[in-house]
Amino acid sequence: MPASYEQAVTLTGDLHARPAGALAVAAAQFSSAVSLTVGASSADAKSVLGVMGLGATSGQDVTVAAEGPDAEQAVAAIIAILAEATRVGA
Amino acid sequence: MNLDARVGIVLVSHSAALAEGAAELAAQVSGGTVAIIPAGGTDDGGLGTSAARVERAVKLADSGAGVVIVPDLGSAVLTVRALLGEAGDLPTPVELADAPFVEGVVAATVAAAGGGNIKTVVTAAEEARHARKL
């Protein structure tokens, strides 16, 4: 049975194109399926256009969920990017 | 084939400025680890497409994992198809993606930066037509 794991983070900046790209590149390194959910919208974390299309802004909670053999590591990596890359001025 | 090689991206636009701008944007979003080569305009700098420019760009973009070409409008497709149909010394594989220009280039480049193979990169570009902005 594949592992599933999820964790939420509150954005400290808007999720612009550059962090969205970094996030999609990082998500592609994992075999698990990884999704981002903001309010009622979800996107595949491996799709840069999907991630940008969420239009996630500072102060919003983003839930990162993964399912697969490396789910926990995938969620940790994506959470770290969201925490770092959306910092104001990044 | 070099296992670390990334798929290269070639942007074929009628406008050199458009190809260069889209390449700059895609490089920023993808982190600069992928060869993104603009091939815009005619040989004398006008609006149009040039098989010679595309051929040079494909050779520059190749690092052993293949090249995906994203055209802007229909007649750019004709130039690329004519070039690919010639028995030349282009690297292989070379694929032409049927995708919206800006979104397709960004999606393809990020997929290449993530280590995707040529099929993954073409699929990412072509799925860009379904991505909503709002």
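How close do the axes of helix 1 (residues 17-27) of chain A and helix 1 (residues 16-30) of chain B come, and at what angle do they cross? They come within 7 Å and cross at roughly 60 degrees. An axis here is a line fitted to C-alpha atoms, for helices over the stretch in contact, and angles run from 0 to 180 degrees between N-to-C directions.

Before going on, some ground rules. This is a predicted model, in which local features need pLDDT of at least 70 and side-chain atom pairs count only at pLDDT 80 or more, while totals for chains, interfaces and linings use all residues. Residues are numbered from 1 along each chain as its sequence is written, and chains are lettered from A and ligands numbered from 1 in the order in which they are written. Helices (H or I, at least four residues) and strands (E, at least two) are DSSP runs, numbered from the N terminus.

**Where the chains meet**

A:Ala17, A:Arg18, A:Gly21 and A:Val25 of chain A's helix 1 meet B:Gln28, B:Val29 and B:Ser30 of chain B's helix 1. Two residues are in contact if their C-beta atoms, placed from the backbone, lie within 7 Å. The residues of this helix contact divide into three nonpolar, three polar and one charged. Ala, Val, Leu, Ile, Met, Phe, Trp, Tyr, Cys and Pro count as nonpolar, Asp, Glu, Lys and Arg as charged, and the others, Gly among them, as polar.

Four strands of chain A form an open antiparallel sheet in the order 1-4-2-3. Two strands pair if DSSP finds at least two bridges between them. Strand 1 and strand 3 (41-44) stand at the edges with a single partner each, so one side of each is left without a neighbour in the sheet. From one strand to the next, the twist averages 20 degrees.

| Strand pair in chain A | Bridges |
|---|---|
| Strand 1 and strand 4 | seven bridges |
| Strand 2 (residues 33-38) and strand 4 (residues 61-67) | five bridges |

You can find some facing residues yourself: A:Gln7 has A:Val64 in strand 4 as its bridge partner, A:Ser35 stands opposite A:Ala65, and A:Ala33 stands opposite A:Glu67. Helix 3 (residues 71-85) of chain A lies across strand 1, strand 2 and strand 4, running at about 10 degrees to strand 1.

A:Asp14 sits in the loop between strand 1 (4-10) and helix 1 of chain A. With 14 C-beta neighbours inside 10 Å, A:Asp14 is partly exposed. A residue is buried if 20 or more other C-beta atoms lie within 10 Å of its own, exposed if 12 or fewer, and partly exposed in between. A:Asp14 and A:Gly59 are 45 residues apart in sequence and 8.4 Å apart in space, C-alpha to C-alpha.

B:Asp98 is in the loop between strand 4 and helix 4 (101-113) of chain B and is exposed, with 12 other C-beta atoms within 10 Å.

Most peptide bonds are trans. A cis peptide bond, with omega about -5 degrees, joins B:Thr92 and B:Pro93.
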